[in-house]
Amino acid sequence: MSELDLTEFNFAKANLSAAQLDYCVLSGVDFSQAELLMTNLAYADLRNANLSRANLRGANLRRATLIRADLRQADFAAMDHVGSTNTQWPADLELAKLCGAQMQGVVLRGARLVGADLTAADLTDADLSGADLEGANLSEATLRGANFQGTNLKNVRGYTA
């Protein structure tokens, strides 16, 4: 389903695990409580999308646009025991644009957010433990109660311990 315009479609509670949705226009789409494990959403336009309580473990959102998206209580934790080597497969949000996103209670444990733009995102009570935020922008982000244990914060802008 790559490169489709699915603006404002309703995929609430749908199982789209391992789907190919890269380069899709998904602005305003309802993915609330959807199963999106290992789904490829690279370069997707998810502006104003609802991904609240969605399961995005191991998903690829590299360079996705999630400006003002609702990601409250979504799960982006790394997938465990992938393949015959039993390795972890982290959710990939490298260079994703998450400006103004609602991310209260989001689980980003072990996720890759290298160079991600989280300007003015609300990360209240977010779990970022073990995540890689190298070079990310947290300017004006709300970080009250966020867990940064073991997080790579090298060259992060807008964050003070």
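Student: Is Tyr 43 buried, partly exposed or exposed, and what is its relative accessible area?

Tutor: This is a predicted model, in which local features need pLDDT of at least 70, side-chain atom pairs count only at pLDDT 80 or more, and totals for chains, interfaces and linings use all residues. Residues are numbered from 1 along each chain as its sequence is written, and side-chain values use heavy atoms, with hydrogens and water left out. Buried means under 20% relative accessible area, exposed over 50%, and partly exposed in between (1.4 Å probe, protein chains only). Tyr 43 is therefore partly exposed, with a relative accessible area of 39%.

Student: Where is Tyr 43 found, and what is its phi?

Tutor: Helices (H or I, at least four residues) and strands (E, at least two) are DSSP runs, numbered from the N terminus. By that numbering Tyr 43 is found in the segment before strand 1. Although Tyr 43 is not a glycine, its phi is positive, at about 65 degrees.

Student: Which value does phi take in Arg 63?

Tutor: Arg 63 lies in the segment before strand 1 and is partly exposed, with a relative accessible area of 42%. Arg 63 is a residue other than glycine, yet its phi is positive, near 60 degrees.

Student: Which side chains make polar contacts with the side chain of Asn 40?

Tutor: Asn 40 is found in the segment before strand 1 (79–82), and it is buried because its relative accessible area is 15%. A polar contact is a pair of N or O atoms within 3.5 Å; within protein, one must be able to donate a hydrogen and the other to accept it, and residues adjacent in sequence count only if both atoms are side-chain atoms. The side chain of Asn 40 makes such contacts with that of Gln 20 at 3.0 Å and with that of Asn 60 at 3.4 Å.

Student: Which residues of the largest nonpolar core touch the most other members?

Tutor: A nonpolar core is a set of buried Ala, Val, Leu, Ile, Met, Phe, Trp, Tyr and Cys residues joined through side-chain atoms within 4.5 Å. Contact means heavy atoms within 4.5 Å; not counting residues up to four places away in sequence, Leu 93 touches residues including Leu 61, Phe 76 and Leu 108. Of the 51 residues in the largest core, those that touch the most other members are Phe 31, Leu 66, Leu 93 and Leu 98.

Student: How many residues apart in sequence are the parts that the pair Arg 62 and Glu 94 ties together?

Tutor: A salt bridge is a side-chain nitrogen of Lys or Arg within 4 Å of a carboxyl oxygen of Asp or Glu, and the side chains of Arg 62 and Glu 94 meet in one at 2.3 Å, N to O. Arg 62 lies in the segment before strand 1 and Glu 94 in the segment after strand 2 (87–89), so the parts tied together are apart in sequence by 32 residues.

Student: With which residue does Arg 109 meet in a salt bridge?

Tutor: Arg 109 is partly exposed, with a relative accessible area of 40%. The side chains meet at 2.6 Å, N to O, and the partner of Arg 109 is Asp 127.
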